[in-house]
Amino acid sequence: MKTCTMTGCERVERMFARRDQDRVPRCDTYWPETITRWQREGLQWDHNDALRLLETDFQGLCWSWPSAFPNQREVLAQDAETETIRDAWGGVARFWKGRSGTPEHISFGCDTREAWDKIYRPAMLAAPNQIDTHAAVLRFHEGRQLGRWTHLSGVEGFEALRRLIGDEACLMAMIEDPEWIRDIVSVHTDIVLRSFEGVLAEGAKPDGLWIYGDMAYNHATMCSPAMYRDLVWPAHKRMADWAHAHGMHVIYHTDGRVSGVLDLYIEAGFECLQPIEAKAGMDIRQFAPTHGSRLAMFGNIDVMKMATNNLDLIEEEIRTKFAAGMATRGYAYHSDHSVPPQVSWDTYKAIIGFIDRYGYY
Amino acid sequence: MPLLNDLTAAVAAGKRVDTVRLTQELLAAGTSPQAVVEQGLVPGMAIVGERFKKNEIFVPEMLVAARAMKEALKLLEPLLLKAGIKPKYTAIIGTVQGDLHDIGKNLISMMWRGANFAVVDLGTNVSPEKYLAAAQEHKAHIVGLSALLTTTMPAMKETVRIIKAAGLTETKIMIGGAPITQEFANDIGADGYAADAGSAVDVAKQLVGDAA
């Protein structure tokens with residue numbers, strides 16, 4: 001039986017400093033269907049129980065994704081499986097009922113520069129802070145009591161763009177109307193940081209900022225590194241600078257193959273990359289030796305391998321990737337996406353056993 | 001013919017206005033609509049596909065190129081229809097049952113159109129039976145299955161099984177999407193796997209025996 005000698009907060013802070021830790025920090029996410037399966041197979045309560053068994057070291061306080069029309073949720077149509085909703089961003093999308101998954105985006109309210117200038121921009125700037133700051137402060141104090149590393153969470157400009165104006169309009173406007181893109185990203189970033197200021201003003205002193213923005217898919221980043229550097233990166237740097245000015249570390253979440261922009265992330269001030277999607281060709285055995293001293297690696301344990309329930313395969317995945325990540329002292333465990341429902345509860349308990357076996361320094 | 005080369009360059013660069021203007025000029029000069037498509041537009045999109053595969057261009061550049069071609073096709077399709085000229089190959093595409101994600105499917109669809117395939121887009125959350133019915137109705141050469149989520153991969157397997165069981169020997173099945181691998185394609189009996197929108201054209205051409 002191995003003994004932990006550090007709190008989660010100490011452990012994560014030392015990971016950022018590349019100092020010795022007792023074990024690698026841990027966190028994970030799960031599809032709702034996974035939890036439903038695990039409840040049938042012995043998980044007593046909800047995802048928090050799985051995280052407790054994992055001994056997670058992280059505590060999120062709040063989630064910031066500012067919208068133009070907070071609380072708008074108009075059901076336009078529905079059938080047995082799906083419902084079509086006009087959401088708080090003015091878009092219309094079809095969602096599954098009682099099931100997770102990416103929605104089908106049917107239209108976007110903010111589909112022109114004119115709509116942005118006349119309706120959406122003023123509405124977003126006028127909307128009240130959409131974070132429950134009181135709840136965030138309670139979560140902060142709970143996290144402190146549990147010894148966890150506490151963090152603010154929010155969406156960055158590229159993800160916000162896609163939600164607001166849609167993938168195709170966004171990506172084409174990056175070529176044809178870059179000033180529009182810069183403005184949306186900038187306004188979004190202003191509002192997110194303002195919302196976080198509200199949490200700090202209520203007395204929370206979080207340890208970090210965890211920024212979410214899926215800017216890549218399995219082939220590459222959605223736009224070129226040069227276009228990212230020109231249009232979105234300045235806002236990324238602004239978020240990182242803000243966090244650093246408040247004594248926080250910065251984690252950046254993106255799915256997809258981002259090997260072409262790792263240096264830009266470091267230059268922006270991102271200190272940790274998560275979840276490092278293996279099925280997009282990302283492999284910390286390759287990146288930890290080249291970037292691990294400047295960018296902590298958080299995740300990369302392949303959910304596709306987990307989904308085989310082949311314990312030999314999974315153990316090898318964890319053993320080799322932990323070895324690569326731990327060699328830099330800048331590694332934390334997370335699956336490379338969300339744990340899917342093909343993974344049995346027995347398999348996940350075995351995964352935790354492997355994390356125990358290979359994750360102590 | 002310099003104008004056809006100009007058209008190819010305009011499409012590859014995503015210059016919509018130039019693409020439409022050059023298409024009009026070529027038609028006015030007596031170039032057949034079929035030649036405009038096959039010798040002007042399709043080579044332009046082929047350049048896009050190649051540059052995309054090499055990460056020389058990214059999704060924005062691919063989108064503006066596909067839109068330029070689409071604008072030109074608006075001029076050309078009535079003429080092609082009148083002349084009784086149809087694309088040689090027909091492809092069915094959709095996102096599998098249980099999955100509502102569509103950007104990957106849309107990109108593949110654009111690139112196939114750019115390679116002069118007739119494309120029937122079935123949308124998202126497409127049942128195996130709907131794929132089969134469409135493949136039979138349109139005598140499809142290619143059926144493309146897209147999935148974003150690990151949770152919807154089993155629907156691919158079932159779709160492949162149903163189409164294969166129907167004995168559509170002329171129909172080849174291609175799969176793709178974030179969680180998909182060549183190994184998974186092999187496991188479920190799909191005929192082809194494409195890792196990205198650029199290689200989707202190559203794989204489709206190989207499957208129909210029209211590879212360069």
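**The sheet and its setting**

Reply: Start with the whole chain. This is a predicted model. A compact globule of 212 residues would have a radius of gyration near 17 Å, and chain B agrees because its own value is 17 Å. Its C-alpha atoms fill a box of roughly 50 × 35 × 30 Å along the principal axes. Buried residues account for 54% of chain B.

Now the elements. Chain B holds nine helices and five strands. Along the sequence they follow the pattern α-α-α-α-β-α-β-α-β-α-β-α-β-α.

Next, the sheet itself. It is open, has five strands and pairs them in parallel. The strand order in chain B is 2-1-3-4-5. Strand 2 (117-121) and strand 5 (192-193) of chain B are at the edges. Each has a single partner strand, so one side of each has no neighbour in the sheet.

Look inside the sheet. Strand 1 (residues 89-95) and strand 3 (residues 142-146) of chain B pair in the parallel sense, with five bridges. One detail can be found by eye: B:Ala91 has B:Ile142, in strand 3 of chain B, as its bridge partner.

A helix covers part of this region. Helix 6 (residues 128-137) of chain B lies across strand 1, strand 2 and strand 3 of chain B. Helix 6 of chain B runs at about 165° to strand 1 of chain B.

Finally, consider contacts along the chain. Take those in chain B between residues at least 6 apart in sequence. Of these, 73% join residues at least 24 apart.

Methods: Residues numbered from 1 in each chain as written. Chains lettered and ligands numbered in written order. Predicted model: local features only at pLDDT ≥ 70, side-chain atom pairs only at ≥ 80, totals over all residues. Pairing = 2+ DSSP bridges. Helix = DSSP H or I, 4+ residues; strand = E, 2+ residues; numbered from the N terminus. Contact = placed C-beta atoms within 7 Å. Axes fitted to C-alpha atoms, helices over the stretch in contact; angles between N-to-C directions. Rg over C-alpha atoms; globule rule 2.2 N^0.38 Å. Buried ≥ 20, exposed ≤ 12 C-beta atoms within 10 Å, placed from the backbone.
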